[in-house]
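Work through the exercises below with the coordinates open, and try each task before reading its solution.

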Amino acid sequence: MIDPLFVELSRWQFAAVAMYHFIFVPLTLGLIWILFIMEAVYVMTGREIYRDMSRFWTKLFAINFALGVTTGLTMEFQFGTNWSYYSHYVGDVFGAPLAIEGLMAFFLESTFVGLLLLGRDRMSKQAYLAVVFLTAVGTNLSALWILVANAWMQNPVGAEFSAETMRMEMVDFAAVVFNPVAQVKFIHTVAAGYVTASMFVIGISAWYILKGRDLAFAKRSFAVAAGFGVAAALAVIVLGDESGYELGDVQRVKLAAIEAEWKTEPAPAAFTVIGIPDQKDMETEYAIKIPGVMGLIATRSLDKQVTGLDDLIKQHETRIRSGMIAYGALEALRSGDKSEATRATFEQHKRDLGYGLLLKRYVENPASATDAQVLEAAKSSIPDVFYVFWGFRIMVGLGFLLLGYFLASFYFLAKGTLENKRWLLRLLVYSIPLPWIAAEMGWFVAEFGRQPWAIGEVLPTFLATSALTVSDLIFSIAGYLIFYSVLLVIEIFLMFRFARQGPSSLHTGRYYHEQKAALSAQPAE
Amino acid sequence: MLDYETLRLIWWVLVGTLLIGFAIADGMDMGVGTLLPFLGKNDAERRVIINTVGPHWDGNQVWLITAGGAIFAAWPAVYAAAFSGFYLAMLVVLMALFLRPVGFDYRSKIADPRWRNAWDWGLCVGGLVPALIFGVAMGNVLQGVPFYLDSFLKPHYGATFIWALLGLLNPFALLAGIISVGMLTMHGAVWLQLRTEGEIQARARGVLGWLPLVVTALFALAGVWVAFGIDGYRIVSQPPLTGLPNPLAKEVVREPGAWLTVYRTLPIAMVVPALGLIGPLLVALLARAGRPGFAFVASGLALAGIIGTAGVSMFPFVMPSTMSLNSSLTLWDAASSALTLKVMLGAVVIFLPLVLLYTLWCYRTMWGKVTVADIEERKHQAY
């Protein structure tokens, strides 16, 4: 039988290594474009300060990039090591985008990043600009393919289950690639990366301005990042991935959970701003609601309904019952039954097989589940609403706050009064971690909100694991966490060290610390 | 159009190619890492060694990532059974590999000798340990791995946790591990002879005076062991290759000498082990003659020969099982669907030549001897 502790630990490990990886990814995705902008201005104007900007921020880029590569290595093998049944069951579909990511994007990014970091004086400035551009394209394409794979977990299109091979098989590659969920996710995720990088550059530049050092350098960096940040924050918010929430049952459930919509409300539904969702009684306590707004955001219409969790659970119950028939027929087929009737029954109920598998948590053979078990499985066919509800609100709240920062930064910069707004500058320095919190929350809402599925409507998470033991998991979780944390501390230490030094770390002799050293070295007259 | 049987055969060749590509590209960095603390006697020399691979190690490592992704997509059953079956071994490999990106990138950022020395050993471990474990894993695969598939095709293992790890450490597997370390260290030494000069180059050349001979000798020993000491696997019957893959539908037996069958039915296949035997000897000769460029080619061929021998000898098996012979995975029944193989083949045909092109361009751009003077001059930019 399934050991719930083992499943929990497998999930904790994946969440931990993925969220660790996602500390480094967003900054890489965005900072590379900021480097490109700086480098492009340098190529066009020939002004040295832009080259210095590009070189300095490249140093910080590299410190972050190293850990992105480190933690990324784990991800490529995590499915095989810890989710071996998942790997067998969906590798035919899910593996392809990962392999293509390697061939098309990761090679590009990683090959050119070497020249980005070490090859500047080996080529013309135009060629170097091209290197930065290719690295940026590689990085962002990489995100595209990973999100194609991820979107397939949320909305598994273009594939069919085969009873002979006992797995999902690809039937339409174009449908997998052009999965609409993938497209909205891609835009939303890379734009969130751009926001992260903008905040990073703005925050550190604000610190130089507060200290009154290297002002020309800091203000130009600040300006590039503020402009980029305004555009990116608008993109993240406007192209948030709500538009993907009508596609597939998992996304519909996630939407209802995000909004804590327990019962289907007449359109247009009210938006619950805050409240305390209570899973047991299926209601939200202390809810503050704004009439009409949610329906508008979620369905972009006044007359379409957002289906409530109550109704979704009822639909799931029907599908679980159909899935029981599918499972029974599948077992017969697997044990050699070749009759037309069994085949026809299986084909008819095949799309509900995943729902039948949900029963495996309670009973060895889903075909023989009791009514009580069916109801129990249906009730557990939605995620824990409280965490999805609040995760989403934290993400969105931070998103708007960051947009506010970028707009204020941009406004005062344009007015030329930025240096006097010390409150804003201070706020910006201390707000550097915020986009990371928002990004991690976004990842959490998408993946935790997908539960109880590993692949939506196809494979329950608790069935997807490897046949390992709790000891294996405790050992590996401890190993990853200790190793990653030590590396993270080193990374942050280096980041602070180089950020404090600022452009003086380039050893050009033109910046604050070196100028100061040069001044104090001169004998007093 | 390509039929399913041909597609599966092509993917066997492609996965092999990616693994050999990984050994040639990233194995070089691993070998250089292994040699780093021994061939570099002071900080400047070690920086020279590191900077010969500095701009390239990250791109090279993608061969591993891509091979992982390709196995996931082309042989999902192997991806599922292998990485979870070798769970703790894989964990150790990953942790050793973690030391490389940070080692390369963070080492030069602080001048403190203790800091730099620590990272040097980190890079050494990051090269040596994965090379050893990959070899040990290969040695175990040749002997069969304790796993079986249940009727829903989920892999289960004969041992888990620390017992699975300890079970990997048998004499033949350790020999395979040492061959793997030896050949990649040889490869790294050839690279250093090619890209450095003076003292470091002389030391690299010194290593190449004996190491390739050891590799050839151990590889020959492993060959004898496989012929007389290890049972191979043979398919007695299997469903027609045009049908859908089902790893449980065939009948397999284990018998002495079965890993040599392929050389009897197809004598030309002997070219592969011959490369593995002669390649290292050529490396030794060419290195001695001061022709590191040619030695590098010979070294690449040696790696292809040694890795290829393991793959070819087991044909068509890719992961034999000791617990349930019929659960053994072959290139026929571990494969994904025809459509997936076709799509992926398209991706390889389009992108692999492009990858090779821009990789060569990057090497060309960074070409030339790396010297101590050069590092002194660029001490704030270089690794």
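**Exercise 1.** Determine which side chains make polar contacts with the side chain of Glu457(A), and state whether Glu457(A) is buried or exposed.

*Solution.* Begin with the polar contacts, each a pair of N or O atoms within 3.5 Å in which, within protein, one must be able to donate a hydrogen and the other to accept it, residues adjacent in sequence counting only if both atoms are side-chain atoms. A polar contact of 3.2 Å links the side chain of Glu457(A) to that of Tyr355(A), and another, of 2.6 Å, links the side chain of Glu457(A) to that of Arg319(A). This is a predicted model, in which local features need pLDDT of at least 70 and side-chain atom pairs count only at pLDDT 80 or more, whereas totals for chains, interfaces and linings use all residues. Residues are numbered from 1 along each chain as its sequence is written, chains are lettered from A in the order in which they are written, and side-chain values use heavy atoms, with hydrogens and water left out.

Glu457(A) counts as buried because its relative accessibility is 17%, the limits being under 20% for buried, over 50% for exposed and partly exposed in between (1.4 Å probe, protein chains only).

**Exercise 2.** Describe the interface of chain A and chain B by its residues in contact, its buried area and its polar pairs.

*Solution.* First, with contact meaning heavy atoms within 4.5 Å, 88 residues of chain A meet 75 residues of chain B. The area buried between the two chains (accessible area, 1.4 Å probe, lost on putting them together and summed over both) is about 7300 Å², and carbon and sulfur atoms give 73% of that area. Phe77(A), Phe107(A) and Leu118(A) supply 11% of what chain A buries against chain B, more than any other three residues.

Then turn to the polar pairs: 21 residue pairs, both at pLDDT 80 or more, are in polar contact between chain A and chain B.

Finally, assign the elements: α2 (48-82), α3 (84-118), β2 (167-170), α10 (309-334) and α17 (470-501) of chain A each supply at least two residues of the side that touches chain B, and α3(A) gives the most, with 27 residues.

Definitions and conventions:
Helices (H or I, at least four residues) and strands (E, at least two) are DSSP runs, numbered from the N terminus.
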